[in-house]
Amino acid sequence: SDLAWSPNGEVLALGTSIGIYFYNSTSLKEEKFIETEAWISSVVFSPDGSTLVSGSEGGTVRLWDVGSGMLLRTLEGHTGEVTSVAFSPDGSILASGSDDHTERLWDVGSGTLLRTLEGHTAHVYSVAFSTDGRTLASGSGDGTVRLWDVGSGTLLRTLEGYETLVNSVAFSPDGGTLASGSQDNTARLWDVGSGRLLRTLEGHT
């Protein structure tokens, strides 16, 4: 369902219907396998590579120790599948997006729910932090991209124009541009500061 590289590029993690596989990127050999009860929908490594977070069909977010494969913490609260997870650049905050139409921000150290972001009217398919960690972008089945202030939870801006679901969002390294991918076969580039559509990239069929 999803895959993620460790920050140092040495480990590739795959989320599947039966668990999480870890592969050595040089030898391509399986290093470990974590069996899970629910389908793993999304995976992401922490910035330091020590922790892997998984989102599941069962609505839970789980933190795993990469070295030992041990479960560190289970975060509960979503009422739908967790379709996307993302770490803030400093690794202190975790964002999760869900079929329950919300995004949640969690304190990684304590597992405390910091805030719930509400506003989308359909499944949230993708979440991403800006490079300074101050803004969270979310793409949804309602056809919008929303930008949120991480510190306050305030909705900063809604980017509109799609007629179908937005299943992927990503910030440029300088944080000034947001890319979004949609089921309408296009990718769009947005100016983060103004919300202006810069360009529509077409060609996929």
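## Sheet β1 to β4

Four strands make up an open sheet in the order β1-β2-β3-β4, and their pairing is antiparallel. The edges are held by β1 (2-5) and β4, each with a single partner strand, so one side of each is left without a neighbour in the sheet. From one strand to the next, the twist averages 15 degrees. The model described here is predicted.

Strands β3 and β4 run antiparallel and are joined by five bridges. Across this pairing, Y21 stands opposite F33 in β4.

## Aromatic pairs and a lysine over a ring

How many aromatic pairs does the count give? The count comes to three. In one of these pairs, the ring centres of Y21 and F33 lie 4.5 Å apart and the planes meet at 40 degrees, so the pair is tilted; a stacked pair would need planes under 30 degrees apart, and an edge-to-face pair over 60. The pair links distant parts of the chain, since Y21 belongs to strand β3 (residues 19-24) and F33 to strand β4 (residues 30-35), twelve residues apart.

Ring pairs also tie Y21, Y23 and F33 into a cluster. F33 is partly exposed, with a relative accessibility of 32%. Another side-chain arrangement involves K32 and F22: K32 lies over the face of F22, at 5.3 Å from the ring centre.

## Sheet β9 to β12

A further open sheet of four strands has the order β9-β10-β11-β12, with antiparallel pairing. Which strands stand at the edges? They are β9 (82-87) and β12 (113-118); each has a single partner strand, so one side of each is left without a neighbour in the sheet. Neighbouring strands of this sheet are turned against each other by 20 degrees on average, direction ignored.

Strand β9 runs antiparallel to β10 (residues 93-98), and five bridges join the two. Within this pairing, F87 has L94 in β10 as its bridge partner.

## L117 in strand β12

The edge strand β12 contains L117. Is L117 buried or exposed? With a relative accessibility of 2%, L117 counts as buried, because the limit for that class is under 20%.

Apart from neighbours within four places in sequence, L117 is in contact with T102, E103, L105, L136, W148 and G153.

## The salt bridge and R188

A search of the whole structure finds one salt bridge. The bridge is formed by D184 and R188, whose closest N and O atoms are 3.6 Å apart. This separation falls inside the cut-off of 4 Å, so the pair qualifies as a salt bridge.

For R188 the value is 12%, and R188 is buried.

R188 has a further side-chain arrangement, in which its charged end sits over the ring of Y162, 4.3 Å from the ring centre. R188 is thus described by the salt bridge with D184, by the position over Y162 and by its buried state.

Methods
Residues are numbered from 1 along each chain as its sequence is written. This is a predicted model: local features need pLDDT of at least 70, side-chain atom pairs count only at pLDDT 80 or more; totals for chains, interfaces and linings use all residues. Side-chain values use heavy atoms; hydrogens and water are left out. A salt bridge is a side-chain nitrogen of Lys or Arg within 4 Å of a carboxyl oxygen of Asp or Glu. Buried means under 20% relative accessible area, exposed over 50%, partly exposed in between (1.4 Å probe, protein chains only). Two strands pair if DSSP finds at least two bridges between them. Axes are lines fitted to C-alpha atoms, for helices over the stretch in contact, and angles run from 0 to 180 degrees between N-to-C directions. Contact means heavy atoms within 4.5 Å. Rings of Phe, Tyr and Trp (its six-membered ring) pair if their centres lie within 6.5 Å; planes under 30 degrees apart count as stacked, over 60 as edge-to-face and the rest as tilted. A charge sits over a ring if NZ of Lys or CZ of Arg is within 6 Å of the ring centre and within 35 degrees of the ring normal.
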